[in-house]
Amino acid sequence: MATLKNDTLLKALRREPTPYTPVWLMRQAGRYLPEYNATRARAGSFLALAKTPSLATEVTLQPLARFPLDAAILFSDILTVPDAMGLGLQFAAGEGPRFLRTTADEAAIAALAVPDMAKLAYVFDAVSEIKTALAGSVPLLGFAGSPFTLACYMIEGGGSSDFATVRKMACARPDLLQRIVDVNAEAVAAYLNEQIARGADAVMIFDTWGGMLSTPAYRRFSLAPMRSILAALKPAPDGAPVPTIVFTKGGGQWLDEVAASGASAVGLDWTVDIARARAAVGARVALQGNLDPIVLLTDPDTVDREATAIVRAAGPAPGHIFNLGHGIVPATPPENVAALVAAVHRESAAIRATP
Ligand code: CP3
């Protein structure tokens, strides 16, 4: 594999020293950028954008042209996998995702199968095209949804305020939920392995909804399938192991167990005290996070102060990747993102220089 000009992200994921803390932001390509909205309008819809590799490449690179971010993330969505399973993904204007078909009854769940990865060729082609366009400037992150978070959308048919159907299934028909997450785990492992084969330098599993489960249900339906994915990941084409990040939003109380999952890094939402998290996991894993995305709705001075506090709390030990505690929100002023990236780079270089 060609060497990267900026490999701070990969070094931090391996807990090797870096001259400063690398930073990237969940949803860094998105509606807060006018150039994203222009490309999306040109594509006609979010799905058309995600399914056209040249346009997905264009929007992946947009935030990197504006800010000195230390990684690119594939522009796609976690719901591509259930879409390829035949559920019929749609995004109505101004609403969240909807599936035409749900996976909520016994017959639909029995019929569920790992999709042919050829149906997801547009994602893998985007990975190849983005890698070429990046020309070794920064690493490219691939990603997928966790088996449980995908199951949430597959069962409810879309977003939900409480995912009550899913939580009922977890206790009343655990066998059915088990089958869905088992199929999803196999599909996600194949999906991530293909992204790795096409050049993803690291991969992240987004477990947005695992945090709403009871502890035993989290272990069984969210953490265990993520562990099986991590165990099934193949090395990069050059034979090197590919670093991994697991992010369970609302999973702070299970930090120890996520740190023992086999992932290189644990993603933290903004409710977690990062200093305490570092003390708890020691040198076992890298930590990613964890600024409240709403801080980016304030002003550059406030953003600087809040980002500085997190860099200092994370400390000078290697293995911190700065990020938000969840995705960037559409109302974010781009100048606040510029202030954030500058503060992280400045402050983290300064604490390393202090003996
Ligand atoms: O981080 C990145 O920049 C990569 C791109 C990315 C998107 N979705 C693009 C997107 C990633 C990593 C995701 C993951 C994703 N998608 C998750 C897990 C992470 C999280 O945010 O919790 C989930 C739950 C989804 C499902 C999904 N996709 C929802 C609920 C929505 C609607 C929410 C919204 O912001 O409107 C989407 C749509 C979506 N995915 C958008 C983007 C940029 C907005 C679509 C648009 O342009 O209208």
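**The ligand site and an aromatic pair**

The model is predicted, so local features need pLDDT of at least 70 and side-chain atom pairs pLDDT 80 or more, while totals for chains, interfaces and linings use all residues. Residues are numbered from 1 along each chain as its sequence is written, and side-chain values use heavy atoms, without hydrogens and water.

Around the ligand are 22 residues, of which Arg27, Arg31, Tyr36, Asp77 and His326 come nearest (near: a heavy atom within 4 Å). By class this shell has 14 nonpolar, 4 polar and 4 charged residues; Ala, Val, Leu, Ile, Met, Phe, Trp, Tyr, Cys and Pro count as nonpolar, Asp, Glu, Lys and Arg as charged, and the others as polar.

Polar contacts (N or O atoms within 3.5 Å) reach oxygen atoms of the ligand from the side chains of tyrosine 36 at 2.5 Å, histidine 326 at 2.6 Å and arginine 40 at 2.7 Å. The protein buries 88% of the 870 Å² that the ligand exposes when taken alone (Shrake-Rupley method, 1.4 Å probe).

The whole structure holds 8 aromatic pairs, with ring centres within 6.5 Å. The rings of phenylalanine 163 and tryptophan 209 have centres 5.1 Å apart and planes at 50°, so this pair is tilted (under 30 degrees is stacked, over 60 edge-to-face, the rest tilted). Phenylalanine 163 lies in the loop between helices H8 (147-156) and H9 (164-172), and tryptophan 209 in the loop between strand E5 (202-207) and helix H11 (215-232), so the pair ties together parts 46 residues apart in sequence. Helices (at least four residues) and strands (at least two) are DSSP runs.

Conventions:
A polar contact is a pair of N or O atoms within 3.5 Å; within protein, one must be able to donate a hydrogen and the other to accept it, and residues adjacent in sequence count only if both atoms are side-chain atoms. Rings of Phe, Tyr and Trp (its six-membered ring) pair if their centres lie within 6.5 Å; planes under 30 degrees apart count as stacked, over 60 as edge-to-face and the rest as tilted.
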